[in-house]
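Student: I would like to learn how to read individual features of a structure, one at a time. Could you give me the general idea behind each feature and then the case at hand?

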Amino acid sequence: MRGLIVVTPTSLVQAPRHLEPLRAAGYEVRVNAAGRLLGEAELAALAVGARGLIVSTEPVTAAVMDRAGPGLRVIARYGAGTDNVDVAAATERGIVVCNTPGANDVAVAELTLALMLALARHIPAAHDGVRQGRWERPVGMELRGKELGLIGAGRIGLEVARLARAVGMTVTYCDPVRRPDAEARLGLRFAPLDEVLAQADVVSVHVPLTPATRHLIGARELSLMRPGALLINTSRGGVVDEGALLAALNEGRLAGAALDVFAEEPPAPTHPLVGHPKVIHTPHLGARTREAVARMAQGAVAAVLDVLAGRRPQHVVNPEVYPAAGGPAAAGTGPRA
Ligand code: NAD
């Protein structure tokens, strides 16, 4: 055996054919048998002796890396966001951190549209009503002609914009990076955050969670939204201030919110947004389609094989671990040999 690869994402563990290339290359594969997201201590215990980790959104801390031991060379995020990985700690240790951006844009964007329609037509409540023997028929809202405010126009945000345009919405976006091609191709309008919030019928958030975006949507931002507007968050729970969202819903300022993500996952059953009559929620389902699973698996497995074979993988989150061309490493001593 050439070494141990630890694999935690449940949707990948359930599709073991995607792990065959690792075994075929001579690696031992140890999977998360718990069938759920692991805590830090559980991940650390599983990671002992690993050369590579393929992870979901578990906390991949310095302690986890140290518990894995000096053989750990690569951490591959099965997905796009890397907010759960202590990238600085990995860089200090010469561990390459990779992700699979672009593998789940369609899956997350389609879920976002589904949540938008479900909110606009009260589908979850209507479904529950029929099931419980009530024939209540809530009056909803059409999306055509409504304004979508996009916070973040990266891969997922732009796919959401494409779908929203297809159902006849207008789209205004904010992003530190201006997207002139998409503006022309999809007819998007660019505006500062406050203007996007103030004009939208539906606001959808698609930014990574970083120190700069934590609580990007807080009490001030929610107060700028139109009365009766809807908020959708399929990015990361920490981007929206959950306490401020609860207040905006309870005070009747927002008509509803759809959440695929929570600040802490899974949220406690007593979490005030769970089961709230104006909230619909899904359990971080964004990337969970067969197609996205296959793309994320292929990307994460290829990244691990690349690093362990001394090749540079396609998507490196901490390129500082690689020495600059023709020069010394910018930080540390380069990837662990
Ligand atoms: P991306 O990097 O392609 O796009 C993110 C965009 O956000 C970039 O254009 C960036 O410039 C912009 N941005 C950063 N800070 C901003 C700010 N303050 N205001 C406005 N825009 C800002 O990433 P992506 O692939 O589109 O994914 C976005 C996020 O979605 C990921 O980081 C991840 O957290 C989340 N995600 C969730 C799921 C899920 O299962 N629900 C799945 C995949 C990704």
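Student: Is H215 buried or exposed, or does it fall in between?

Tutor: Relative accessible area decides this: buried means under 20%, exposed over 50%, and partly exposed in between, with a 1.4 Å probe and protein chains only. H215 is partly exposed because its relative accessible area is 41%. Before we go on, note that this is a predicted model, in which local features need pLDDT of at least 70 and side-chain atom pairs count only at pLDDT 80 or more, while totals for chains, interfaces and linings use all residues. Residues are numbered from 1 along each chain as its sequence is written, and side-chain values use heavy atoms, with hydrogens and water left out.

Student: Where does H215 sit, and what is its phi?

Tutor: Most residues other than glycine have a negative phi, and most peptide bonds are trans. H215 has a positive phi, near 55°, and its place is the loop between β9 (202-205) and α11; helices here are DSSP runs of H or I with at least four residues, strands are runs of E with at least two, and both are numbered from the N terminus. H122 likewise has a positive phi near 55° and is not a glycine; H122 lies in the loop between α6 (105-120) and α7 (123-131), and with a relative accessible area of 34% it is partly exposed.

Student: Which peptide bond is cis?

Tutor: The bond from E265 to P266 is cis, with omega near -10°, and P266 lies in the loop between β11 and β12.

Student: How should I read a helix, and which residues of α12 are buried?

Tutor: An α-helix has 3.6 residues a turn, so residues three or four places apart point the same way. In α12, which spans residues 242-250, the buried residues are E242, A244, L245, L246, A248 and L249. These buried residues pack against α11 (219-224), β10 (229-233), β11 (254-259) and β12 (279-281), where contact means heavy atoms within 4.5 Å.

Student: How do I read a polar contact, and which side chain does S11 pair with?

Tutor: A polar contact is a pair of N or O atoms within 3.5 Å; within protein, one must be able to donate a hydrogen and the other to accept it, and residues adjacent in sequence count only if both atoms are side-chain atoms. The side chain of S11 makes such a contact, at 2.9 Å, with the side chain of Y78. S11 lies in helix α1 (residues 10-13) and counts as buried because its relative accessible area is 9%; leaving out residues up to four places away in sequence, S11 touches Y78, R288 and V293.

Student: Which side chain does R36 contact in this way?

Tutor: The side chains of R36 and E42 make a polar contact of 2.7 Å. R36 is in the loop between β2 (28-31) and α3 (40-47), and it is partly exposed, at 41% relative accessibility.

Student: And E159, which side chain is joined to that residue?

Tutor: A polar contact of 2.8 Å joins the side chains of E159 and R162. E159 lies in helix α8 (residues 155-166) and counts as buried, at 14% relative accessibility. Setting aside residues up to four places away in sequence, E159 touches D105, V106 and A109.

Student: How many disulfides are there?

Tutor: A disulfide is a pair of cysteine sulfur atoms within 2.5 Å, and by this rule the count is zero.

Student: How many cavities does a search of the whole structure find?

Tutor: On a 1 Å grid over the protein atoms alone, a cavity is a set of points where a 1.4 Å probe fits but cannot get out, whereas a pocket is an open set with protein on both sides within 12 Å along at least five of seven lines, and lining residues have an atom within 4 Å of a point. Grid points are joined across faces, edges and corners, and a volume is the space filled by probe spheres set on the points. The search finds one cavity of 30 Å³ or more, and the residues lining the largest cavity are N233, G237, V240, E242, L245, L259, V261 and F262. E242 and L245 are also among the buried residues of α12.
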